[in-house]
There are 2 protein chains.
Amino acid sequence: MNDRKKWEPKPTINDVARLAGVSKKTVSRVINRSPLLNEGTREKVTGVIAALGYVPNPQARALALRRNFLIGLIFDNPNAQTVLNVQLGVLDAIRDTEFELVIRPVDRHSPDLLDGIRAFIEMQRPYGVIMLPPVSENDAVAALCRELDCNYVRMGSAALDAAPHLVQSNDRQAVDHAIGHLAAMGHRRIGFIAGPEGFRSALEREAGFNDAVARLGLDSGPDIRARGNYTFETGHVAGSRLLDAAPRPTAIFSSNDEMAAGVLHAARERGIAVPDDLSIIGFDDAPIAAHIWPPLSTVRWPIAAMARAAALKLVDPADAQAGPSLFMSDLIERASVGTTRG
Amino acid sequence: MNDRKKWEPKPTINDVARLAGVSKKTVSRVINRSPLLNEGTREKVTGVIAALGYVPNPQARALALRRNFLIGLIFDNPNAQTVLNVQLGVLDAIRDTEFELVIRPVDRHSPDLLDGIRAFIEMQRPYGVIMLPPVSENDAVAALCRELDCNYVRMGSAALDAAPHLVQSNDRQAVDHAIGHLAAMGHRRIGFIAGPEGFRSALEREAGFNDAVARLGLDSGPDIRARGNYTFETGHVAGSRLLDAAPRPTAIFSSNDEMAAGVLHAARERGIAVPDDLSIIGFDDAPIAAHIWPPLSTVRWPIAAMARAAALKLVDPADAQAGPSLFMSDLIERASVGTTRG
DNA sequence: TTGTAGGCGTTATCAT
DNA sequence: ATGATAACGCCTACAA
């Protein structure tokens, strides 16, 4: 495919123009798919490009266009698997294109969050940025992108933005459905571990729980509610509190899998058998869900597919206009859920 | 810090030159820290740069230098936490510089692995690339980097390359020490789960086990050896095999934490108590190690620090000459190891 | 120590 | 539909 030897310089647009007997600008038009081009000319140029193995130089394009072919991924999500899945999803969408993915972890609590993002965008002039929750829920960041004239897509679990800037999952409905599943197994007293305040996903998942409780007339009250921050440790603490209450819930829904693993940990410490004495459902379908014992029933969050869609929205203008992108989460049934007994 | 309004164009080197009353070239010399510069001139220019908030345009620099300010991270490691830790380590090293991190997952078994990397380097002309194991162990990729005149650093668990191109951990010695710890707790029959063939890290860790067995005269033979590919599932299978042997090992060392979690799973299925009836040690100190029950003793692999060092080697020429970078792994003691009984 | 002229490889403007 | 010329913002070679 590439039989040049070391350091023979790569062909430039000038070489193509000369060999094709046209001007640089015409070659440029071919590269950029200009509509006003004689078909014969186009084919001739295309042929020379192929023969030479010519590839336009992204740096030069970036300078002339004042816009880089970089997709920035802005995230502050603490979950490694989520972040990696998103990266792979984005890369899948831009495979074999001139685009590259650059990584920008941020701290959404830092006072210079906005300054950092501004510096990045002004300096690198990325083609666009994709934002992961929870930082994607920050409207100030989106406003900054608009101010800087930088294209962006936000991933989230609610209607955060207009359709061209949004890829959304339906967490609320998915949790409602999961709780319904527990109720169908006979559970009436179902504990709920919310995610951290300030996470929209946490809010949506809690809303789904509330919907189900109201709809099905399940037990309610402060004893069945706790909150964590999506980490194993906080899940452990929250689970301990719920399990030490009397009467104890027969099932617990955790707003993510890491915390659910913490609940399992708490149950084991107390000699509570899962699923015999306690059913648990998590959220995300992270790898840990399948790896703990017993394997955890969970709501699959199609984050990689969402990321792929977000990248396509950024890169393909037609795709951006194609309307809202809503991704459905579904329940994965494993071994951590059983019927109530007693 | 930045009080310009929307779309006032950013200052260029020309603006700086004009206001400072010098030529572009002089400004350029200031930017690039040229030694032959009158101190007064330098200060004057620096002052104007600060006053204007001037930042050199990376795209223009890339075009002129024929080299981008991108660090490529080439990896095919399946472990999300490892990959993310490496990313954060690299980003920590290049924070507040003009460098950016771009992500290149690859498939080391793909026939066009080299073509893909060649295309990336020729097209993007990154400042340098960092390679994670196991793809870092592929000498053909390193040779390609040299051929393309692209700086690179390999991360690995053995002396894969010359010092300027290598950041190394001492897996062999660390495993030897961990096995020694088990022996000190009275274990004589210690099972070993190797990593996948073709991983240098797997080879090194196995060598460390062999060293310890020979040194301490521990039990040996095929019944105490199994192999997995660093995933939970293969750890489960390998652990099952070891635990079904007679006599059964009183301790198992797994070449990574994921597989160790699989061993724990296998033990639980058989009613074997950990650590009472079986001690387990893993490798990596991945988050899962602290999250499973009982918390897993493991060898910490300082991968983020290694990544940081790799990035510094790439970015700072002085650092690259500073000699070999060897990182020590140490044993983290948690609750999965106990003394033998019976 | 500093400046001038020209080039890096592409796209934009405005002709023709 | 195509081309000449001038950007884009910086750096290198050479000159002063």
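In which sense do strand 3 of chain A and strand 4 of chain A pair, and over how many bridges? The views below come from a predicted model, and the first of them gives the answer.

**View 1. Strand 3 of chain A and its two partner strands.** Strand 3 of chain A pairs with strand 4 (residues 151-156) of chain A in the parallel sense, over four bridges. Within this pairing, Met131(A) has Arg154(A) of strand 4 as its bridge partner. Strand 1 (residues 70-75) of chain A also pairs with strand 3 of chain A, in the parallel sense and over four bridges. Here Ile130(A) of strand 3 stands opposite Leu73(A).

**View 2. Side-chain directions along strand 3 of chain A.** The strand covers residues 128-131. Gly128(A) and Ile130(A) point one way, while Val129(A) and Met131(A) point the other way. Are these residues buried or exposed? All of them are buried.

**View 3. Surroundings of DNA strand C.** There are 26 residues around DNA strand C, and the closest are Ile13(A), Ser28(A) and Tyr54(A) from chain A with Thr26(B) and Thr41(B) from chain B. By type, the residues of this surface comprise 12 nonpolar, eight polar and six charged.

**View 4. Polar atoms beside DNA strand C.** Tyr54(A) places a polar side-chain atom 2.6 Å from a phosphate oxygen of DNA strand C. From chain B, a backbone N or O atom of Asn38(B) is 2.8 Å from a phosphate oxygen of the DNA strand. A base oxygen of DNA strand C lies 2.7 Å from a side-chain N or O atom of Lys24(A). The elements giving two or more residues to the surface near DNA strand C are helix 2 (24-31) and helix 4 (58-65) of chain A, along with helix 2 (24-31) and helix 4 (58-65) of chain B. Which element gives the most to this surface? Helix 4 of chain A does, with four residues.

**View 5. The relation between chain A and chain B.** Chain A is superposed on chain B by a rotation of 180 degrees with a shift of 0.1 Å along the axis, at an RMSD of 0.2 Å. This is the relation of a two-fold axis. Val102(A) is the residue of chain A that comes closest to the rotation axis, with its C-alpha at 2.2 Å. The copies meet through the same surface, because 100% of the interface residues of chain A are also interface residues in chain B.

Definitions and conventions
Residues numbered from 1 in each chain as written. Chains lettered and ligands numbered in written order. Predicted model: local features only at pLDDT ≥ 70, side-chain atom pairs only at ≥ 80, totals over all residues. Heavy atoms only, no water. Near = heavy atom within 4 Å. Polar contact = N/O pair within 3.5 Å; in protein donor to acceptor, adjacent residues only side chain to side chain. Nonpolar A, V, L, I, M, F, W, Y, C, P; charged D, E, K, R; others polar. Least-squares fit on C-alpha atoms with pLDDT ≥ 70 in both. Contact = heavy atoms within 4.5 Å. Buried < 20%, exposed > 50% of the residue type's maximum accessible area, 1.4 Å probe, protein only. Pairing = 2+ DSSP bridges.
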